[in-house]
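Please brief me on this chain.

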Amino acid sequence: MKILSIGDIVGVRAISYLRQRLWKLRDAQKIDYVIANGENASEIHGLSSCDARAILDCGVDFITLGNHTWNKRDIYQFLDANPESIIRPANYPGSAPGYGHSIVTVNGYRLLIMNVLGQAFMEPVGDPFDTLELILAREEGNYDLSILDIHAEATSEKYAIARVFDGKIDIIFGTHTHVPTADVQILPAGTAYVTDLGMTGPRNGVLGVDAQRTLTKMRMHMPAQFTVADGEIRADAVIFEFDGQKITKAERIEF
């Protein structure tokens, strides 16, 4: 089984880009399942239910989120109603809308998909280590393959989580920083890991954001409403291969 994990979708043009290319890629690479982070898809500022449906229609099977989860209020009900296709970070309070993990069946295998926020340089949330341990204990015996999206700022925090859960979670990938990292690997106990998938969005900007808006914020220290950059769009992703018992290969691609 091949699982394609796609980096943060930035803006509605990026959704259109996936609509034009993703199904062809799935056919060419024989991809069985696609996971994408969608928290910036509604013009950087969260994810609307309309854009969530558009992402799912263009060939993505499952959406993870991050620190902009709550920016669009209409996503709240969508999160509650569609746990088979979208989750929010599990270390938000349990009373928050939606779910932090889900189990889906693909080709006869039960996939446990989890999402957590990092704590370093991010908003105050629950401990991601404790959160993951609780999920794994609760779902023990209920899944065949486990997948985690760590939405976090600090490389060190992503690596630390990967080291703690090496051999306990099969696939761990990072999102949030929008820069693809060159450390795709299989860790000593068998976990496939990459610090950041990268981004699906325009390259003519700063992490997908209009460069001038970013410079106004950084250099003038004045409020600036971030907008999506113009220019060419590309998608960063990693393909993970599962043989029914373990991950045998992890390969970075751009399309």
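The points below go from the whole chain to single residues.

This is a predicted model. The chain holds six helices and 13 strands. Its radius of gyration is 17 Å, close to the 18 Å from the globule rule for 255 residues, so the chain is as compact as a globular protein of that length.

**Overall dimensions and packing**

- Along the principal axes, the C-alpha atoms fill a box of roughly 50 × 40 × 35 Å.
- Of the 255 residues, 54% are buried.
- Take the contacts with a separation of 6 or more: 64% of them join residues 24 or more positions apart.

**Surface and charge**

- The accessible surface of the chain is about 10900 Å².
- Carbon and sulfur atoms hold 51% of that surface.
- The chain has 24 positive and 33 negative charges.

**Nonpolar cores**

- In soluble globular proteins, nonpolar side chains tend to be buried together.
- Here the largest nonpolar core has 31 residues.
- L4, I6, L22, L47 and F255 have the most contacts inside this core.
- Six elements need naming, as each gives two or more residues to the core: the strands β1 (2–6), β3 (33–37) and β12 (233–242), and the helices α1 (12–29), α2 (49–57) and α3 (75–81).
- The largest share, six residues, comes from α1.
- A second, separate core has 21 residues, including I3, I113, A192 and L197.

**Contacts of I6**

- The contacts of I6 are given here without residues up to four places away in sequence.

**The loop residue N107**

- N107 sits in the loop between β5 (101–106) and β6 (109–117).
- Its relative accessibility is 51%; exposed means over 50%, so N107 counts as exposed.
- Beyond its neighbours within four places in sequence, N107 is in contact with M1 and D32.
- N107 and N67 are 40 residues apart in sequence.
- In space, N107 and N67 are 32 Å apart, C-alpha to C-alpha.

Terms used: Residues are numbered from 1 along each chain as its sequence is written. This is a predicted model: local features need pLDDT of at least 70, side-chain atom pairs count only at pLDDT 80 or more; totals for chains, interfaces and linings use all residues. Side-chain values use heavy atoms; hydrogens and water are left out. Helices (H or I, at least four residues) and strands (E, at least two) are DSSP runs, numbered from the N terminus. The radius of gyration is taken over C-alpha atoms; the globule rule is 2.2 Å times the number of residues to the power 0.38. Buried means under 20% relative accessible area, exposed over 50%, partly exposed in between (1.4 Å probe, protein chains only). Contact means heavy atoms within 4.5 Å. Accessible areas come from the Shrake-Rupley method with a 1.4 Å probe; for residues, only the protein chains shown count as cover. Lys and Arg count as positive and Asp and Glu as negative; His and the chain ends are not counted. The place of a charge is taken as NZ of Lys, CZ of Arg, CG of Asp or CD of Glu. A nonpolar core is a set of buried Ala, Val, Leu, Ile, Met, Phe, Trp, Tyr and Cys residues joined through side-chain atoms within 4.5 Å.
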